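Subject: Structure for you to look at

Dear colleague,

Here is the structure I said I would pass on, with the sequence alongside. My notes on what was found follow below it.

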Amino acid sequence: MSLRTEVVHNRNVVIVRLTGELDHHTSEDVRLRLDEVLMKENSHHMVMNLETLTFMDSSGIGVLLGRYKQLKNKGGKLILCHIDSPVYKLLELSGLFKIIDVYDDEVHALSSLEVVS
Amino acid sequence: MNAGNKMRLVFSARSENESLSRIAIAAFASQLDPTLEELNDLKTVVSEAVTNCIIHGYDNDPNQEVEINASIENDRIIIEISDSGKGIEDMELARQPLFTTLPDGERAGMGFTIMENFMDHFEASSTVGGGTRIMMTKRIESKKALYY
């Protein structure tokens, strides 16, 4: 089991598509990869697409919370989309929906950011 | 009849074995014909407990071992996950949502909360210096009708 991280840039937004399983083992790599992207690129916002994420535990919540704080400190936003996957119940329990906006898909997520940026 | 069926799995406390533990429990539970949500609940709680053993119990020492014992009794799955690591000093505090001993490590502090919420019964016992044992059970709803 592994995790694939696909990163796409769209103006000042970085789109991250996660495929596979996000647990303690795979979260280290994702964290490093995303930190690198956020340091290097001039991206203010991040859209995370969880459509093909088949598993996530609280290590994944840690990754999301960490990026949320990082982006917030820089005046940016973290947005989630396609959370109709098996991870919904966990995200709901964690209370993340209270602080992170969720959209159906990337198009809606991106258009929400055009309003704020 | 599934009554009395059991399994035991012992593996190195290495993070790459977290997925092994999830797959093993999912395969074992599949004989109860769980829904996808139930299966995902079981995988999540096992992942939480095993991660706790590795990170907290053993401080990421790969020479240590994590043990999972699971059994099926009628429509219930009973899962025990244990380590012989450093143990938990204050169990009440550890079970508080969002509490973590590793705030810098981006730990969410949600492990016990998730286990309590996703399972029907949850128990944790720990001895400082002696290890931690988690015992949890879940009734698999999809087979409920058979036992009425």
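Before the fold is described, one convention is needed: helices (H or I, at least four residues) and strands (E, at least two) are DSSP runs, numbered from the N terminus. Please also keep in mind while reading that this is a predicted model.

With that convention, chain A has four helices and six strands, and, read from the N terminus on, its elements follow the order β-β-α-β-β-α-β-α-β-α.

As for overall dimensions, the C-alpha trace of chain A spans about 35 × 25 × 20 Å along its principal axes. A compact globule of 117 residues would have a radius of gyration near 13 Å, and chain A, at 13 Å, therefore agrees with that expectation. Of the 117 residues in chain A, 42% are buried. When contacts in chain A between residues at least 6 apart in sequence are considered, 73% of them join residues at least 24 apart.

Turning to the contact between the two chains, chain A contributes 19 residues and chain B contributes 18 residues. On the side of chain B that touches chain A, the elements that give two or more residues are helix H1 (18–29), helix H2 (36–57) and helix H4 (111–118) of chain B, and the largest share, seven residues, comes from H2(B).

With best wishes

Key. Residues are numbered from 1 along each chain as its sequence is written. Chains are lettered from A and ligands numbered from 1 in the order in which they are written. This is a predicted model: local features need pLDDT of at least 70, side-chain atom pairs count only at pLDDT 80 or more; totals for chains, interfaces and linings use all residues. Two residues are in contact if their C-beta atoms, placed from the backbone, lie within 7 Å. The radius of gyration is taken over C-alpha atoms; the globule rule is 2.2 Å times the number of residues to the power 0.38. A residue is buried if 20 or more other C-beta atoms lie within 10 Å of its own, exposed if 12 or fewer, and partly exposed in between; C-beta atoms are placed from the backbone.
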